[in-house]
Amino acid sequence: MADSSFDIVSKLDRQEVDNAVNQAAKEIAQRYDFRNTGASVTLGGDEIVMVANAEERVLAVLDVLQSKLIRRGISLKSLDVGEPRQSGKEVRLVGGLKEGIASDEAKKISKIIRDEGPKGVKAQIQGDELRVSSKSRDDLQGVIALLKGKDLDVALQFVNYR
């Protein structure tokens, strides 16, 4: 019997991110507490830029954006937010979008599978994703449950289960 396998990836649905940013921009434009603060949120390439006239306001913009991302099913682990920076009369906050599993994270996940997972389960790193294989599908289900229970720094999706 052939081995069963699945892939562990960390991907973003760009359309959902775009929709969340647009919804956040719309809410910011309509809310009374953001009037005359110059508050805005824009998506450009791999980063989301939030702007307001005060640090508290830009953090409130971030809060609105995070709530929209969660509602759209996007993990906040895929948003890497920096520190608010004063830029002239405005405060800017840049949040980078993270995709793919970095090699150090992949090694960490592979070690967790080796140490705590069922015996006979193999994990191999393939670029920015991991392929997990085993003879038993039940063992693969156990690995998925194990990784979902861990608090890792990346948002994981489990795809190509066969």
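Q: In this predicted model, where does Asn-36 lie?
A: Asn-36 is a handy place to start, with a positive phi of about 60° although it is not a glycine. As for its place in the chain, Asn-36 sits in the loop between H1 and S2.

Q: Is Asn-36 buried or exposed?
A: A residue counts as exposed when its relative accessible area is over 50%. Asn-36 has 78% relative accessibility, so Asn-36 is exposed.

Q: Which residue with a positive phi follows H2?
A: Helix H2 covers residues 55–71. After H2 comes a residue whose phi is positive, near 80°, and that residue is Gly-73.

Q: Which elements do the buried residues of H2 pack against?
A: Let's begin with the residues themselves: Val-58, Ala-60, Val-61, Leu-62, Val-64, Leu-65, Lys-68 and Leu-69 are the buried residues of H2. An α-helix has 3.6 residues a turn, so residues three or four places apart point the same way. The packing partners of the buried residues of H2 are H1, S2 (40–44), S3, S4 (79–81) and S6.

Q: Which residues touch the most other members of the largest nonpolar core, and which element gives the most to this core?
A: This core has 24 residues, and Val-41, Ile-48, Met-50 and Leu-65 touch the most other members. At least two of its residues come from each of H1 (14–30), S3 (47–52), H2 (55–71) and S6 (90–97). The element that gives the most, with seven residues, is H2.

Q: Which residues does Val-41 touch, not counting residues up to four places away in sequence?
A: Val-41 belongs to the largest nonpolar core and is among the members that touch the most others. With residues up to four places away in sequence set aside, Val-41 touches Val-21, Ala-24, Ala-25, Ile-28, Ile-48, Val-49, Met-50, Val-61 and Leu-65.

Q: How many residues are in the second, separate core?
A: Some members of this second core are Ile-101, Ala-106, Leu-140 and Val-143. Its total number of residues is 18.

Q: Is Ala-24 buried or exposed?
A: Ala-24 is part of helix H1. Not counting residues up to four places away in sequence, Ala-24 touches Val-41, Val-64, Leu-65 and Lys-68. Its relative accessible area is 0%, so Ala-24 is buried.

Q: How far apart in space are Leu-69 and Asp-18, C-alpha to C-alpha?
A: Leu-69 lies in helix H2, and at 3% relative accessibility it counts as buried. Apart from neighbours within four places in sequence, Leu-69 is in contact with Ala-20, Ile-74, Leu-76 and Leu-79. Leu-69 and Asp-18 are 51 residues apart in sequence, while their C-alpha separation in space is 9.6 Å.

Q: Which residues is Ser-5 in contact with, leaving aside its neighbours within four places in sequence?
A: Ser-5 is in strand S1, residues 4–9. Its relative accessibility is 11%, so Ser-5 counts as buried. Beyond its neighbours within four places in sequence, the contacts of Ser-5 are Arg-131, Val-132, Ser-133, Leu-140, Asn-160, Tyr-161 and Arg-162.

Q: Which residues does Asn-160 touch, not counting residues up to four places away in sequence?
A: Asn-160 is found in the segment after strand S9 (157–159). At 40% relative accessibility, Asn-160 counts as partly exposed. Setting aside residues up to four places away in sequence, Asn-160 touches Ser-5, Phe-6 and Asp-7.

Q: How many nonpolar, polar and charged residues does the lining of the largest pocket have?
A: The largest pocket has a volume of about 150 Å³. Its lining is made of Ser-75, Lys-77, Leu-147, Lys-148, Lys-150, Asp-151, Leu-152, Val-154, Ala-155, Leu-156 and Phe-158. By class, this lining has six nonpolar, one polar and four charged residues.

Conventions:
Residues are numbered from 1 along each chain as its sequence is written. This is a predicted model: local features need pLDDT of at least 70, side-chain atom pairs count only at pLDDT 80 or more; totals for chains, interfaces and linings use all residues. Side-chain values use heavy atoms; hydrogens and water are left out. On a 1 Å grid over the protein atoms alone, a cavity is a set of points where a 1.4 Å probe fits but cannot get out, and a pocket is an open set with protein on both sides within 12 Å along at least five of seven lines; lining residues have an atom within 4 Å of a point. Grid points are joined across faces, edges and corners, and a volume is the space filled by probe spheres set on the points. Ala, Val, Leu, Ile, Met, Phe, Trp, Tyr, Cys and Pro count as nonpolar, Asp, Glu, Lys and Arg as charged, and the others, Gly among them, as polar. A nonpolar core is a set of buried Ala, Val, Leu, Ile, Met, Phe, Trp, Tyr and Cys residues joined through side-chain atoms within 4.5 Å. Buried means under 20% relative accessible area, exposed over 50%, partly exposed in between (1.4 Å probe, protein chains only). Helices (H or I, at least four residues) and strands (E, at least two) are DSSP runs, numbered from the N terminus. Contact means heavy atoms within 4.5 Å.
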